[in-house]
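These are my notes for a colleague coming to the structure for the first time. Please read the points below with the sequence and the coordinates open beside them.

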Amino acid sequence: MRLCVLLIVVLVAGCGTEVASRGAPPPATPVPTGEATGGPIPTPPPKVCPASGAQVTVGPVEAALGHRAVVLTVTNCRPATLTLDGYPEVAVLDYWRKPLGTTVAHDSSYMAIDPGPKPVRLRKGQTALAVVAWSNTVADGADPQTGQFLKVAARTGESQAVWPVVTDLGTTGKLELTAWARELRN
């Protein structure tokens with residue numbers, strides 16, 4: 001009986017030592033920081049009204065049958081009327097905020113219908129919407145791409161904000177982007 005008790009004590013003591021010596025598991029993904037990677041990973045941009053008056057926000061990722069989409073919202077935060085005529089400017093960035101080789105098509109997708117470019121006039125506080133959509137389709141022999149951020153501007157040439165959005169592009173490397181509109185159609 002003493003031998004059994006002694007054996008159990010040794011086994012339990014050994015298990016405790018091994019667990020304690022392992023320590024905490026390493027993080028699943030390293031967090032890049034410093035000058036080489038462009039600094040710490042950003043959080044969503046603060047809600048500060050830019051000089052253009054076009055404040056862009058990005059909604060959560062919505063998923064349906066292998067398709068993904070986020071809704072972009074632009075709000076006029078200035079007293080003057082803001083006129084948009086066309087598409088937002090969008091780029092997918094990798095973990096280190098470097099552009100991925102993606103194609104952006106101005107087109108309808110499984111998730112939204114593109115109304116096409118037409119003037120949208122926004123008074124102060126009014127909003128317009130656009131949709132960025134992609135498919136998580138994977139073909140044999142190609143490496144899937146995953147972006148970690150979206151770089152977004154209301155219009156080409158305006159300052160862009162970087163938003164943390166995981167884009168699991170599969171092997172397509174393609175986004176569909178709708179034009180700004182007062183309402184979404186799908």
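1. In this predicted model, C49 and C77 are joined in a disulfide, with their sulfur atoms 1.9 Å apart, and the structure holds one disulfide. Such a link is a covalent bond between the sulfur atoms of two cysteines. The torsion about the S-S bond of C49 and C77 is about 85 degrees, so the disulfide is right-handed. The pair ties together distant parts of the chain, 28 residues apart, for C49 sits in the loop between α1 (2-22) and β1 (54-58), while C77 sits in the loop between β3 (67-76) and β4 (82-84).

2. Are the two cysteines of that pair buried or exposed? C49 has a relative accessible area of 22% and is therefore partly exposed, whereas C77 has a relative accessible area of 18% and is buried, because buried means under 20%.

3. A word on confidence belongs beside any detailed reading. The mean pLDDT of the chain is 80, and 75% of its residues reach 70 or more. Over residues 1-42, however, pLDDT stays under 50, and for that stretch the model has 24 contacts beyond four places in sequence. Where pLDDT is low, the predicted coordinates should not be read in detail.

4. The count of salt bridges comes to three. One of them joins D168 to R68, with the closest N and O atoms 3.1 Å apart, and this pair also links distant parts of the chain, since D168 lies in strand β10 (residues 161-170) and R68 in strand β3, 100 residues apart. D168 is buried, with a relative accessible area of 19%, and R68 likewise counts as buried, at 16% relative accessibility.

5. The side chains of E158 and R155 also meet in a salt bridge, at 2.5 Å from N to O, and R155 is partly exposed, with a relative accessible area of 26%. K174 forms a salt bridge with E176, the closest N and O atoms being 3.9 Å apart. Within that pair, K174 counts as partly exposed at 34% relative accessibility, while E176 counts as buried at 15%.

6. Which residues does S135 touch once its neighbours within four places in sequence are left aside? S135 is in contact with G66, H67, D168, L169, G170 and T172, and a polar contact of 3.0 Å joins the side chains of S135 and H67. S135 belongs to strand β8 (residues 127-135) and, at 17% relative accessibility, counts as buried. D168, named among the contacts of S135, is the residue that forms the salt bridge with R68.

7. The largest nonpolar core has 28 residues, and those with the most contacts inside it are V70, L72, V74, L84, V132 and W180. Strand β8 supplies the largest share of this core, four residues. Apart from it lies another core, of five residues, which includes A69, A112, V131 and A133.

8. Leaving aside its neighbours within four places in sequence, L84 is in contact with V74, K118, P119, V120, L122, A128, A154, R155 and W180.

Terms used:
Residues numbered from 1 in each chain as written. Heavy atoms only, no water. Helix = DSSP H or I, 4+ residues; strand = E, 2+ residues; numbered from the N terminus. Buried < 20%, exposed > 50% of the residue type's maximum accessible area, 1.4 Å probe, protein only. Polar contact = N/O pair within 3.5 Å; in protein donor to acceptor, adjacent residues only side chain to side chain. Contact = heavy atoms within 4.5 Å. Core = buried A, V, L, I, M, F, W, Y, C linked by side-chain atoms within 4.5 Å. Disulfide = S-S within 2.5 Å. pLDDT = per-residue confidence, 0-100. Salt bridge = Lys/Arg side-chain N within 4 Å of Asp/Glu carboxyl O.
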